[in-house]
Amino acid sequence: MNLDNFKIQIRKITDFSEDECTMFVSHITKKIIKKGDFLLQEGQRVNEIAFVEKGALRFYYLSDKKEINNHFFLENDYAVSYLDFLRGTTSRYYIQALEDCELYTFNSQSLQKAYDASKNWERFGRIIAESVYATATNRFESFLFLSAKERYLQMLKDYPKFAQRIPMYHLASYLGIERESLSRIRKEIYK
């Protein structure tokens, strides 16, 4: 298992020594998930985080039997229902592969041991939590304060790869609009 990229990405968050990386790497499991398969399903207990080495996943929930996309995870993201992970509870969400995916997973017990053993791992956890909070708050506020067009433009700014990699009907759901409305917005922008 080649974890070089994982080490590079975590070192972007905080200054891990080689010993701190090596200590944690022994707790990582490689998972391959085929397009259409699930990393997480509603009702499943959340006990692991997945680092996306390769591929794309969507994070969604069901509302009146309609799928509502809440976020997407691409390379170098951490795919998880984070609040459920922190609480160790069952999920109301699904995480499904939109492409064939290569993931590195680790469980909450391993992460807690790393927190106990190293200030850098504690810092890593805090920074990830702050990032998840900022993402959730920005998404919530976008629905309060932005028009559909402004939400689309904000998505392009914050997540430019979404427009390149995520199917339009999933993006429309993520933006809270119909697919036809998204097509109209895109035509208007790209005139």
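The buried residues of helix α8 are covered by a set of elements that includes strands β4 (57-63) and β5 (66-73) and helices α5, α6 (148-158), α7 (160-165) and α9 (179-189). The model is a predicted one, in which local features need pLDDT of at least 70 and side-chain atom pairs count only at pLDDT 80 or more, while totals for chains, interfaces and linings use all residues. Residues are numbered from 1 along each chain as its sequence is written, and side-chain values use heavy atoms, with hydrogens and water left out. Helices (H or I, at least four residues) and strands (E, at least two) are DSSP runs, numbered from the N terminus.

Helix α8 itself spans residues 168-175 and is mostly covered, with six of its eight residues buried (under 20% relative accessible area, with exposed meaning over 50% and partly exposed in between, for a 1.4 Å probe and protein chains only). These buried residues are H170, L171, A172, S173, Y174 and L175. After α8 comes G176, which has a positive phi, near 75°.

With a relative accessible area of 13%, H71 is buried.

Two further residues are of interest for their backbone. Most residues other than glycine have a negative phi. K65, although not a glycine, has a positive phi of about 65°. K65 sits in the loop between β4 and β5 and is exposed, its relative accessible area being 83%. N76 is likewise not a glycine and has a positive phi of about 75°. The place of N76 is the loop between β5 and β6 (78-79), where N76 is partly exposed, with a relative accessible area of 30%.

The next feature is a helix pair. The axes of α4 (residues 108-117) and α5 (residues 119-145) come within 5 Å and cross at roughly 125°. Axes here are lines fitted to C-alpha atoms, for helices over the stretch in contact, and angles run from 0 to 180 degrees between N-to-C directions. On the α4 side, the contact is made by L111, A114 and Y115, and on the α5 side by W121, E122, F124 and G125. These residues divide into five nonpolar, one polar and one charged, where Ala, Val, Leu, Ile, Met, Phe, Trp, Tyr, Cys and Pro count as nonpolar, Asp, Glu, Lys and Arg as charged, and the others, Gly among them, as polar.

Strand β1 (residues 29-33) contains T29. T29 and M1 are 28 residues apart in sequence, and their C-alpha atoms are 8.8 Å apart in space. Not counting residues up to four places away in sequence, T29 touches M1, L103, Y104 and T105. At 43% relative accessibility, T29 is partly exposed.

Finally, there are the cysteines to consider. The structure holds zero disulfides (pairs of cysteine sulfur atoms within 2.5 Å). C21 is buried at 1% relative accessibility, and C101 is buried at 3%.

Notes
Contact means heavy atoms within 4.5 Å.
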